[in-house]
Amino acid sequence: MTPLLATGTRRRIRKSAIPGFGLTMGFTLVYLSLIVLIPLSAVFFKTADLGLDGFWEIITRTRVLNALKLSFGTALIAASINAIFGVLVAWVFVRYTFPGKRLLDAFIDLPFALPTAVAGIALTALYAGNGWVGQYLEPLGLKVAFTPVGIVVALTFVGLPFVVRTVQPVLEDAEAALEEAAASLGANRWQTIARVIFPAVVPSILTGFALAFARGVGEYGSVIFIAGNLPNVSEIAPLLIVIRLEEFDYAGATAIAAAMLIVSFTMLLVINGLQVWSRKRSEKL
Amino acid sequence: MDIHVRNIEKDFGTFKALDRVDLDIESGELIALLGPSGSGKTTLLRVIAGLEFADQGEILFGNQDMARVPVRDRQVGFVFQHYALFKHMTVLDNVSFGLKVRKDKPSAEAIRQRATELIELVQLGGLEKRYPSQLSGGQRQRVALARALAIDPKVLLLDEPFGALDAKVRKDLRRWLRDLHDQTGVTTIFVTHDQEEALELADRVVIMNKGRIEQLGHVDAVYEKPANPFVFDFLGNTNIVPVTLRNGVVNLGQGDAAIAESSGSKDGPALLYVRPGDVRIAADGAAGLPTTVQRVQRTGPIVRIDAEVFGSTAPITVELPHLHHDTSAFQPGAELRLRLLQFSLYAEDSGALLGASTPADAIGVAASRQRSR
C-alpha cells in the first residue's frame, strides 16, 4: 500500500462539519459526572454494602413499600392533574386577552420561586379543618390536610409551572392557518382541537408531565407540612429517608433512595420513549 | 358556482382593508386578485371564504347569502401560502381529513378511494404514506390542493399559492394548476402580487389597491388598456413622458414635437405611459421621439437602452430583442429617434385615462409632422 493510499484511508473516518466536538463532549462528560453521575453512583455504592438480600429486605418492609407507593402514586396523580389543567391554563394565556393577564402569567412561576416550606405551611393553613378552605370541605367529609389528598394538593401546586411553561410556547407557535384549514374542510371546533391542535402539543404535554412528575417524586419541603406524616398512611419516601438518616442508618436510607432512583429512572425512560414516539409521528423525517 | 361580492367593507381598526368592493365571478372561472401588499386582496379572499367577516355588504354563492354561514359550512377549498398541512398526518390522512370530519361521513373504503383518486390527480401517486416533512415545497402545495378538492368545493380559494416556492417550481406549478382547473372546472380565485403569474394563469384579473378595485377585466384587455397609472405601473415596467395633447395629437412637453396620434380628444397636459418593450428604433428618416443615448446594457436576450428625452427630465428605457440589433451602433451620446408601439395617456392630476395609441401608431408616429427643433 502506498503512503498516499494510507492517508486516504485514515481520512475516511467521518468528521462532523462543526468543530469542537472533542472539547464540548469532554466538558459535558466531566460536568455530568461531577454533578449527576458521581453523587448518584455513591448512592448505589453505599447501598451495595447491604448486599442484594439486605437491600431487598429493607425495601420490602411494609412501611417502606407504603411510603414508596404513596410518593409515586401522589406524584402521578398530581402530574396528571397538572397535565390537564396546565394545558387549560396555557390555552387561556395563549388564546385570550383579558385584563391582568401579564400579572396572572407571572403568578404561574411563583411555585418555582417560593421556598417549598412556605408553600407547605400556607397550604396547610388553608386546608386544615379550621382553615379558610378546609372549614367548608370538612363538613362534606373531605379531609385534605394531613391526608394523602393534601400531598396531592401540595404536589399539584409545585408541579403546575412545568406543564404550563412547556405547553405555552408550543401553543403559541401553532399556526392559526392550521385551524383555519381544518375549519374550511368542515371540521367543527371539537374536531379541530382533538385532531389538529392536540396531536401537535402532545409531546410538550408529555415533557411537562415528566417534569412535574419528577419534581413531585422528589418534593419534600411542602409535603411534610401538609401530609401529617403518619407511617403507612401519609409518610412519603423522601421523609422516610430523612428519618433513616437521623437514625444514622445510612445504608437503610440509601437503599430507599436507590429504589426511588430506579423506579423514577424507569418511568422517565418510558415517558421519554412516548415522547420520541409522538414526536416522530408529528415530525417524521 | 357563481359568486357575487356586493359592496363589501372591512376595517382593521383605522385601516380600511376593503372599501366598497363589488365583484361578480362567473361559474367555472379562474380569476386572479392582483395587487401590492396591503391592497386588500387577501382580506377579500378571506371574506369570501368566511375566515374573516365583512363589516358591511354581502357575499352571495349563487343567490344564497353567506353572511350567516360559517366557514366550515361554506364548502370552500382554501389553500394557504404556507400549505398549513397537518404535520402529524400522512399525505393520505391529510387529503382524507375533509371527508372524515363530515357529518354524513362516507365509508372508510369510499374515503380512501376518493383520497387516492385526488392524490393521483395531483400527481403524487405512491407518496400516500409520506409525512409533509418528507415532501418538497411543490409537493406539499399539491397535497394542500388535493385536500381542498376533497370536499368538492363550490369555490377554490388560493392565497398566494406559489409564494413560498422557488422560481422554477413556481412556473411548473402555474401551468399545472391551469391544466387542473381546466380538468375540474371548479370556480377558482387566487391571490397574487406577481403580475406575470396573474396574467399567465387567470381568465380575468382584478387589480386592487388600497382596498379598492382599480380595474377588472380580461387579462389582455387589462394589460393593453390599463384604466389608470397605478394599473399601468403595476403590470410591468413603465416609462413616463410628460406631453401635451392637442387635437388628438401627442406633443412633447414644450410643444415642439408631435410624436404620435392618440384616440383621446381632450387637450392639455398629460402623462404618456409606455412600456420599455413597446418602444422601437424609428427607421432612418422616419419621425420619432427624439432622444440621446445615455447608457446601453445587454442582459441576456435583450438590450436595454436608457435615453434622455429632449425637453423632459425623465429618461426613457427601451428594451429591444438582442437578435435584431447590433448593440455597437448605440453609443452613449448618439441621437436616437424612438417609435412608440403602444402607450396610454393619463391626466396629470386625476390619473384618468385620456386616450391610448391608435392602431395606426403601430407603424410609427404622426408621419406628416416633422420634428421642428
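This is a short talk about chain B, its contact with chain A, and one proline in it.

Okay, some housekeeping. What we have here is a predicted model, where local features need pLDDT of at least 70, side-chain atom pairs count only at pLDDT 80 or more, and totals for chains, interfaces and linings use all residues. Residues are numbered from 1 along each chain as its sequence is written, while chains are lettered from A and ligands numbered from 1 in the order in which they are written.

So, chain B. We get nine helices and 21 strands; helices are DSSP runs of H or I with at least four residues, strands are E runs with at least two, numbered from the N terminus. Of the 373 residues in chain B, 43% are buried, meaning 20 or more other C-beta atoms within 10 Å of their own, with C-beta atoms placed from the backbone.

Now, where chain B meets chain A. How many residues does each chain bring to the contact? Chain B gives 21 and chain A gives 20, and two residues are in contact if their C-beta atoms, placed from the backbone, lie within 7 Å. On the chain B side, helix H2 (71-74), strand E6 (76-79) and helix H3 (91-100) each supply at least two residues.

Last stop: Pro226(B), in the loop between helix H8 (219-224) and helix H9 (229-234). Why does Pro226(B) count as buried? Because Pro226(B) has 25 C-beta neighbours inside 10 Å. Leaving aside neighbours within four places in sequence, its contacts include Gln215(B), Phe232(B) and Ser344(B). And Ala356(B), 130 residues away along the chain, has its C-alpha atom 9.6 Å from that of Pro226(B).

Methods. A residue is buried if 20 or more other C-beta atoms lie within 10 Å of its own, exposed if 12 or fewer, and partly exposed in between; C-beta atoms are placed from the backbone.
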